[in-house]
Amino acid sequence: MKKIILVLLCCVLAVSCEKAQEKLPILGNPIVKGSETQYPRIKDFSFTNQDSLEVTNNTFSGKIYIADFIFLSCPSICPKMNVQLKKVYDAYKTNDEVLFLSHTIDPDNDTIPRLKAYTVDNGIKKNWHFVTGNRDSIYKIATESYFATAYPDKNEPGGFVHSGGFLLIDKNRHVRGVYDGTNPKETKRLIADVKNLLAEDEAK
């Protein structure tokens, strides 16, 4: 009987450890103030989406979201990124707790009508904001909040350098995951991590 109890206890501990490991980390360098640990948060922003609506941090209040940085005329990694993120979108498009935020790094050419046409052509009807705005503001939030790179470079294909990552953001504006937007395996990992993050919020 003691052996059975011991085996069951080990199984419970193993399951508990497994669940603990499933919790996603909070990325970035924390600041410790006394007994409080403060992690970096996405800074305040204000952009305009494909429907000419203002998009701010409040748009994502109480939601988790996936962010990236692209431009529609990109001849290199963006088409691959768009295909992969659309897979994530299709997995969660009926879940209003999960939103998507794509920033154009080429606001001069990616006008609101062009962003709108892209969403219509790709069957994106809700929960995915394609935003434009002041170019410097977009570049600044990319580097300061999302651990991403975005800047013009005439020597690069399409005239820009930018990160190919997807960023998973929780309801507290913390970055909880970074994923290679050109890798289908990373797309599957992101889909799974969104599920884990939703479960984490439900458990609170």
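The model is predicted, so local features need pLDDT of at least 70 and side-chain atom pairs count only at pLDDT 80 or more, while totals for chains, interfaces and linings use all residues. Side-chain values use heavy atoms, with hydrogens and water left out, and residues are numbered from 1 along each chain as its sequence is written.

Asp106 sits in the loop between β6 (98-104) and α3 (112-121); helices (H or I, at least four residues) and strands (E, at least two) are DSSP runs, numbered from the N terminus. Leaving aside residues up to four places away in sequence, Asp106 touches Phe71, Ser73 and Phe160, with contact meaning heavy atoms within 4.5 Å.

Over in strand β5 (residues 64-70), seven of seven residues are buried, that is, under 20% relative accessible area with a 1.4 Å probe, protein chains only. Ile64, Ile66, Asp68 and Ile70 point one way from β5, and Tyr65, Ala67 and Phe69 point the other way. In a regular strand the side chains alternate between the two faces of the sheet.

As for partners, β5 runs parallel to β6, joined by seven bridges, and Ile70 stands opposite Thr104; strands pair if DSSP finds at least two bridges between them. With β10 (residues 165-169), β5 pairs in the antiparallel sense over three bridges, Ile66 having Leu168 as its bridge partner.

How values were computed
Buried < 20%, exposed > 50% of the residue type's maximum accessible area, 1.4 Å probe, protein only.
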